[in-house]
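Q: I have a protein model to study and would like to learn how to read its features. Could we go through them together, one at a time?

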Amino acid sequence: MTMLRALFLAAFLPADLASAQEAPSAFAPCAQCHSVTAPDGTRLVAGGRTGPNLYGVMGRPVAGAAGFNYSRSMQEARARGLTWDRASFAAYLKNPTEFLQGWLGDPSARARMAYRSETGAGAIYDYLRALER
């Protein structure tokens, strides 16, 4: 991690993180499928392209990245008004398919994201918010 990036993270991430490196470490599994690219094209986190760009994801409707082919269930959740906030994000990361089934009330709902995490959602959420600043 460069010194400038470490200073940035220390300045913008919440004080309750154990270190400025906790959030990027928590995001590492996400980067296998997701990148974080600003609207001007600046790639803040070089990651995979299997998942949608996560820049600006917090606070926006689910299935909100332009040009990404979302599952039918994610599109339905968007149509019904689901947005990403700290609680929905954490619940989704625990079990994406189970979350969508419960939120939509549809046992046939499916998420394409296979990753699951019982911990780290808060650090990932804060990290993504910090990258937007």
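Q: Where does Ala63 lie?
A: Start with the elements: helices (H or I, at least four residues) and strands (E, at least two) are DSSP runs, numbered from the N terminus. Ala63 lies in the loop between β2 (43-45) and α3. Before we go on, note that this is a predicted model, where local features need pLDDT of at least 70 and side-chain atom pairs count only at pLDDT 80 or more, while totals for chains, interfaces and linings use all residues. Residues are numbered from 1 along each chain as its sequence is written, and side-chain values use heavy atoms, with hydrogens and water left out.

Q: What is the phi of Ala63, and is Ala63 buried or exposed?
A: Its phi is positive, about 55 degrees, although Ala63 is not a glycine. For the second part you need the cut-offs: buried means under 20% relative accessible area, exposed over 50%, and partly exposed in between (1.4 Å probe, protein chains only). Ala63 has a relative accessible area of 12%, so it is buried.

Q: How many helices and strands are there in the protein chain?
A: The protein chain has 6 helices and 2 strands. Of the 133 residues, 42% count as buried.

Q: Which residues is Ala31 in contact with, leaving aside its neighbours within four places in sequence?
A: Contact means heavy atoms within 4.5 Å. Ala31 belongs to the loop between α2 (22-27) and β1 (36-37). Beyond those neighbours, Ala31 touches Val45, Gly47 and Gly48. Take Gly48: Ala31 is 17 residues from it in sequence, and their C-alpha atoms are 6.0 Å apart in space.

Q: Which residues does Glu132 touch, not counting residues up to four places away in sequence?
A: Look in the segment after α6, where Glu132 is found. Glu132 touches Tyr55, Gly56, Val57 and Met58. Glu132 counts as partly exposed, because its relative accessibility is 26%. For the chain as a whole, among contacts between residues at least 6 apart in sequence, 42% join residues at least 24 apart.

Q: How many salt bridges does a search of the whole structure find?
A: A salt bridge is a side-chain nitrogen of Lys or Arg within 4 Å of a carboxyl oxygen of Asp or Glu. The search finds 3. One of them joins Arg72 and Asp106, whose closest N and O atoms are 3.9 Å apart. This pair links distant parts of the chain, 34 residues apart: Arg72 is in helix α3 (residues 72-79), and Asp106 is in the loop between α5 (96-104) and α6 (121-131). Asp106 is partly exposed, at 21%.

Q: How far apart are the closest N and O atoms of Arg80 and Glu76?
A: They are 2.7 Å apart, and the pair forms a salt bridge. Arg80 is partly exposed at 46%, and Glu76 is partly exposed too, at 31%.

Q: Which residue does the side chain of Arg86 meet in a salt bridge?
A: Its partner is Asp126, at 2.4 Å from N to O. Here, too, distant parts of the chain are linked: Arg86 sits in helix α4 (residues 86-94) and Asp126 in helix α6, 40 residues apart. Arg86 is partly exposed at 39%, whereas Asp126, at 13%, is buried.

Q: At what angle do α3 and α5 pack?
A: Axes are lines fitted to C-alpha atoms, for helices over the stretch in contact, and angles run from 0 to 180 degrees between N-to-C directions. For α3 and α5 the angle is about 40 degrees, and the axes are 10 Å apart. That makes α3 oblique to α5; angles under 35 degrees count as roughly parallel, over 145 as roughly antiparallel, 65 to 115 as roughly perpendicular, and the rest as oblique. The contact is made by Ser73, Met74, Glu76 and Ala77 of α3 together with Leu100, Trp103 and Leu104 of α5.

Q: Is Ser73 buried or exposed?
A: Ser73, in helix α3, is buried, with a relative accessible area of 3%. Leaving aside neighbours within four places in sequence, Ser73 is in contact with Leu100, Leu104, Ala109 and Arg110.
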